[in-house]
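Please walk through this model with the structure open beside you.

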Amino acid sequence: ARSVGQPAQAREWGRTALAIRLDQLEPGHPDLATTLLGLGLSELALGDQAGGESELGEAVVIRRRAFGPDHPYTGMAELLLGLALWEGPRQHQAFESLVNAVRAYEYVLRSQAPLLPLRERGRLVNTIQESRNALYSLVGQGPRGRDLALRARLNLHGRLEEIERRQSRL
């Protein structure tokens, strides 16, 4: 509902889904984080910055515990939280979350991409690239935004070159 311009409906459905999952799942279950991410984005779309940040922050905590800091699911949650915080007065905290997201994506590239055939590697890179485009959009938003965009770009480009060099040697 959020993607078709109905964030209020999405928020209600998200709250209902969260209540069901809280009733059915153990505290800290990774599926709770997925629901919290959707709910947090709906809250942000409705102008509830504090509510959105709270839901996204809780999702990050759950995903860090469930998957570790370098998992792509954790990276996505960190990215969403960082972008939400960027809009508010806490850019320092936003910067940390966004750096964590870059680090998680870099780890995924380093650990998984070399093991994949070229076609699958391309899909992985495209998935990560979509997330990083959000970081590139920060380039015009001050020195921290430029630093994040440059860091994301150099990490992705450098990691891909390294993988290609290794693969060609093999």
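What follows is a short tour of a predicted model.

Start with helix H4, which covers residues 72–86. Its 15 residues reach 20 Å from the first C-alpha to the last. That is close to the 21 Å expected at 1.5 Å a residue. H4 is mostly covered, with 11 of its 15 residues buried. Among them are Leu79, Leu80, Leu81 and Leu85. Gly75, Gly82 and Trp86 also belong to the buried set.

Now turn to helix H6, residues 118–136. H6 has 19 residues and spans 25 Å between its end C-alphas, close to the expected 27 Å. Where does H6 bend? The bend is at Glu130, and it is about 30°. The buried residues of H6 include Leu124, Val125, Ile128 and Leu135. Two arginines, Arg121 and Arg132, are buried in H6 as well.

Next, the rings. The count of aromatic pairs comes to one. Phe67 and Tyr73 form that pair, with ring centres 5.3 Å apart. Their planes stand at 75°, so the pair is edge-to-face, a class that requires over 60 degrees. Phe67 is partly exposed at 31% relative accessibility. Tyr73 is also partly exposed, at 47%.

Finally, the salt bridges. How many does the whole structure hold? The search finds six. One of them links Glu78 and Arg64, at 2.3 Å from N to O. Glu78 lies in helix H4 and Arg64 in helix H3, residues 49–67, so this bridge ties together parts that are 14 residues apart in sequence. Is Glu78 buried or exposed? Glu78 is buried, because its relative accessible area is 2%, and the cut-off is under 20%. Arg64 is partly exposed at 38%.

Other bridges share partners. Together they join Arg11, Glu12, Arg15 and Glu43 into one network. Within it, Arg11 pairs with Glu12, their closest N and O atoms being 4.0 Å apart. Glu12 also meets Arg15 in a salt bridge, at 3.5 Å from N to O. Glu12 and Arg15 are three residues apart in helix H1, residues 7–24, which means that about one helical turn separates them. Glu12 is partly exposed, with a relative accessible area of 39%. Arg15 counts as partly exposed too, at 39% relative accessibility.

Technical notes. Residues are numbered from 1 along each chain as its sequence is written. This is a predicted model: local features need pLDDT of at least 70, side-chain atom pairs count only at pLDDT 80 or more; totals for chains, interfaces and linings use all residues. Side-chain values use heavy atoms; hydrogens and water are left out. Helices (H or I, at least four residues) and strands (E, at least two) are DSSP runs, numbered from the N terminus. The expected span of a helix is 1.5 Å times one less than its number of residues. Buried means under 20% relative accessible area, exposed over 50%, partly exposed in between (1.4 Å probe, protein chains only). Rings of Phe, Tyr and Trp (its six-membered ring) pair if their centres lie within 6.5 Å; planes under 30 degrees apart count as stacked, over 60 as edge-to-face and the rest as tilted. The bend at a residue is the angle between axes fitted to the seven residues ending there and the seven starting there. A salt bridge is a side-chain nitrogen of Lys or Arg within 4 Å of a carboxyl oxygen of Asp or Glu.
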